[in-house]
Amino acid sequence: MEEGTSKSPSNCESTVDYGDTDPFQWDTREGCDVRQILDRVADKWSLLVIALLENRRLRFTELRREIDRISQRMLTVTLRQLERDGLVKRTVHPVVPPRVEYELTPLGGTLHATIRSLVTWTEQHQQEIAAARAAYDRREAEAVQDSH
């Protein structure tokens, strides 16, 4: 091992110089924090939670009602992970029964702007994507028919 190279999983330094041109550089370094963070924030449930919490606080039950097909357990896990990463703040109000609210932290708010850009791009290109999918599906169906 080269001098100064750490075995720590949080160390993303690489002895191979990919330069700025390799978009998969983060993917080649197992245990890298960048990979772990991308896996978390790109998860469909995390994206939905972050989007829903824009400029507002919501209770657990409100979030669950807004997110179609999410289980109670998955929402709990997602919120805990986002809280651990500093993206969501959990506030427990001292009432009976306890009232718990979730909101984006300032850091989570900066991520929301990125998510909004992704959603905007998706809305702008959804027709093109639908057409590409339909064309692909037709080609696949024809290939299956030709093989029989």
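Helices (H or I, at least four residues) and strands (E, at least two) are DSSP runs, numbered from the N terminus. The model is predicted: local features need pLDDT of at least 70, side-chain atom pairs count only at pLDDT 80 or more, and totals for chains, interfaces and linings use all residues. Residues are numbered from 1 along each chain as its sequence is written, and side-chain values use heavy atoms, with hydrogens and water left out.

The protein contains 5 helices and 3 strands. Along the sequence they follow the pattern α-α-β-α-α-β-β-α. Buried residues account for 22% of the 148 residues. Here buried means under 20% relative accessible area, exposed over 50%, and partly exposed in between (1.4 Å probe, protein chains only). Contact means heavy atoms within 4.5 Å. Among contacts between residues at least 6 apart in sequence, 38% join residues at least 24 apart.

Helix α4 spans residues 72-84 and has 13 residues. From its first C-alpha to its last it reaches 18 Å, close to the 18 Å expected at 1.5 Å a residue. The expected span is 1.5 Å times one less than the number of residues in the helix. Within α4, L75, T78, L79 and L82 are buried. They cover an arc of only 95 degrees around the axis, which puts them on the same side of α4. The arc is that of the directions from the helix axis to the C-beta atoms. An α-helix has 3.6 residues a turn, so residues three or four places apart point the same way. The face of α4 turned away from the buried side carries the exposed residues R73, R80 and R84. Cover for the buried residues of α4 includes α1 (33-41), α2 (44-52), α3 (60-66), β2 (88-93) and β3 (99-104). Just after α4, G86 takes a positive phi of about 80 degrees.

A nonpolar core is a set of buried Ala, Val, Leu, Ile, Met, Phe, Trp, Tyr and Cys residues joined through side-chain atoms within 4.5 Å. The largest such core has 21 residues, of which L53, L63, L75, L79 and Y102 touch the most other members. Elements giving two or more residues to this core are α2, α3, α4, β3 and α5 (106-147). The largest share, 4 residues, comes from α2. Leaving out residues up to four places away in sequence, L79 touches V49, F60, L63, V88 and Y102. In soluble globular proteins, nonpolar side chains tend to be buried together.

The 3 strands form an open sheet in the order β1-β3-β2, with antiparallel pairing. Two strands pair if DSSP finds at least two bridges between them. β1 (58-59) and β2 are the edge strands, and each pairs on one side only. On one side of β3, 6 bridges join β2 to β3, and these strands run antiparallel. V92 has V100 in β3 as its bridge partner, and H93 stands opposite R99 in β3. β2 and β3 form a hairpin with 5 residues between them. The β1 and β3 strands also run antiparallel and are joined by 2 bridges. There, L58 stands opposite Y102 in β3.

Strand β3 has 5 of its 6 residues buried, so it is largely enclosed by the rest of the structure. Two glutamates of this strand were examined individually. E101 lies in β3 and is buried, with a relative accessible area of 14%. A polar contact of 2.8 Å joins the side chains of E101 and H93. A polar contact is a pair of N or O atoms within 3.5 Å; within protein, one must be able to donate a hydrogen and the other to accept it, and residues adjacent in sequence count only if both atoms are side-chain atoms. Not counting residues up to four places away in sequence, E101 touches R57, L58, R59, K89, R90, T91 and H93.

E103 also lies in strand β3. At 17% relative accessibility, E103 counts as buried. The E103 side chain makes a polar contact with the side chain of R57 (3.3 Å). Apart from neighbours within four places in sequence, E103 is in contact with L53, R56, R57, L87, V88, K89 and T91.
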